[in-house]
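Here are my notes on this entry. Please read them beside the sequence and the coordinates.

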There are 2 protein chains.
Amino acid sequence: MKAKSDVLREQARKASGAKKEGGSGSGRLPRAERRAQILETASDFFAENGLTGQTRMLADACGVSQRLLYRFFPTKQDLVAEVYKEEILGAFKAGWFVDLQNRKLSAEERFTQFYVDYLETTLTRKWLRLFLYASLSDASMAPDYITSIVTQLLEVLMREAAHEIGIDLPDDREVVHEMAWTLHGAISHYAIRRHIYKASWQVPETQVVKMHVRMFLSGLAAMIEAYNAENS
Amino acid sequence: MKAKSDVLREQARKASGAKKEGGSGSGRLPRAERRAQILETASDFFAENGLTGQTRMLADACGVSQRLLYRFFPTKQDLVAEVYKEEILGAFKAGWFVDLQNRKLSAEERFTQFYVDYLETTLTRKWLRLFLYASLSDASMAPDYITSIVTQLLEVLMREAAHEIGIDLPDDREVVHEMAWTLHGAISHYAIRRHIYKASWQVPETQVVKMHVRMFLSGLAAMIEAYNAENS
DNA sequence: CGTTAAAGTCGTCAATTGACGACATAGAAA
DNA sequence: TTTCTATGTCGTCAATTGACGACTTTAACG
C-alpha cells in the first residue's frame, strides 16, 4: 500500500509537469530560468493549496527534487514572500490611471473598460486566492503598497465621476473613499463570488460590469446630496 | 531551550483558558457541556488559525488534554465540520425576512436596519474568517444551504425595492439576483475589508450602510431601465 | 579528452501532528 | 465506605514536514 502523501505527490507532478519529455522536469536549466520556473509553478501551487502547502508536493509539481528549492530560497517563507511580491503586487497596470482620466470618452465607457480589464488581469482566481490566503495569515505582507494603489484608484474614480455629473465631492477624503468602495467593492465581491465561492454565473461578465457602473453613476449624486444634507 | 511549539501552546492556553480558577480548564464537566465548550473554543480557534490549526494547540486553548477531543469527535475533520455547521449555518435570523417585508416602514429604513444588524450578527470577523477558510479549502462544505438563503434574501430585497420605486423587475431571475448583489456584495465586501484586510475605518458603520442603501435605491431604476432598453 | 564549477539528487534529522491504547480519577449510586 | 462508570490524562506510534550535509551528474571551456 502506498503512503497517502505519495499518491498526492504524483497527482501534483502530473497536474503540472506533464508536458515536456517523458514526465520529469525539463532538463538542466541555468539558475535564473529555473528560479523563474519554480516561482511560476509555486504561485499556482500556493494559490490552490494555501500558503501551508508542502515543499515536497511543490517540488513534484516543478518536476524537481525538494532539495533544489532550498538552493534558491533559504526558507519556505522567503519563497512564499517572493511569490506574493511577484503575483500580488505585480498585477496592477500603470496605464489604467491614464485611461481612466481620458475625458474624450464618457465616464461610463472608461469605467466599464477599466473594470472588464481589471477583472481579467487582477481579480483572477489565482490572484484572489493568494491575496486571501495572505490576508488571512496574520503576517500581513506589505499591504501598504496595495492600499496605496487602491486609494489612488478610488480617488480617480470619484474625481472623474463627479466631473461627469457636475457635482462637488465632500471634503472628507475617508467619506469619498467609502463612496467609491460602493462600486469597487461590489465588483471585487463579484469576483470573489465567482472564483472563491464558486457561484454559478449565467449573466455575462461585461453585462454585470455595465450594471454596476451604471448603478454607481446614477446613484452617486443622490448619495452625495444625502451626505451633504446630513452634515451641513 | 523550549521547543517552539510549547511556547505557542502556552500562548494558546493563556489566550482563552485563563479565566476560571488557576488556569486549567474548569473541572470535570458532563458530556454535553464539555462538548459545547470545546465547540465554542474551537470556532474561535479555527477562525484565527485556519482549518489546519493543530489539535494540540486547540486542546490547550480549551484547557483540556488533546486526547479528550477524540472522545467527542472521531476525527479532526468531523470537529471542523461541526464547527462549520454551528457557526456558519446558524448565523441567519428568520426574522429578517419578516422585517424586510414590513411595508409600514420605508424600504430605506428597512434595508438600513437589516444591514446594520446583518453586519453585527453575521458578517463578523469570526464568521468571515471561518467562511473564507472553508471556501478556500476545496472541500466546499454544504454551500447549498447558504446559497439558498442568500438567494431568497436577494429576491426579497429586489421585490421590496421595486415595489417602493414602482417599477417592474426583469423576468430573468439571474439578472435580478445580479442586480441585488450590487448592494449585498458591496456591503459584504465592506465587512471583508474591515475584518480580513484590516483596513482602517474612520467612517461610522451606520453611515456607510446608509450610503450603500441610498445609492442602491437611487440607482436601481436607471439600472433596470438600461437593462430593458438593451434587451427589448 | 580532462577539468571544474554549477545544477541537481539522496538520504536523513529533528520537530510536528493526527490518532489511539492503556491507565487514572472524580463523584454518584448502593 | 465501597463500587463502578463516565470523564479525563499519559505516553506513544506512524506519517508528515522543513531543512540541510554529502554526494552525483551535466556541460562549458581549455
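Through which surface do the copies meet?

1. **Interface.** The copies meet through the same surface, because 100% of the interface residues of chain B are also interface residues in chain A. Contact here requires C-beta atoms, placed from the backbone, within 7 Å.

2. **Basis.** This is a predicted model: local features need pLDDT of at least 70, side-chain atom pairs count only at pLDDT 80 or more, and totals for chains, interfaces and linings use all residues. Residues are numbered from 1 along each chain as its sequence is written, while chains are lettered from A and ligands numbered from 1 in the order in which they are written.

3. **Symmetry.** Chain B superposes on chain A by a rotation of 180 degrees, with 0.0 Å of shift along the axis and an RMSD of 0.0 Å. That is the relation of a two-fold axis.

4. **DNA strand C.** Two or more residues each come from α2 (31-49) and α4 of chain A, and from α1 (4-17), α3 (55-62) and α4 of chain B. Helices are DSSP runs (H or I, at least four residues), numbered from the N terminus.

5. **DNA strand D.** The largest share of the nearby surface, 3 residues, comes from α4(A).

How values were computed: Least-squares fit on C-alpha atoms with pLDDT ≥ 70 in both. Contact = placed C-beta atoms within 7 Å.
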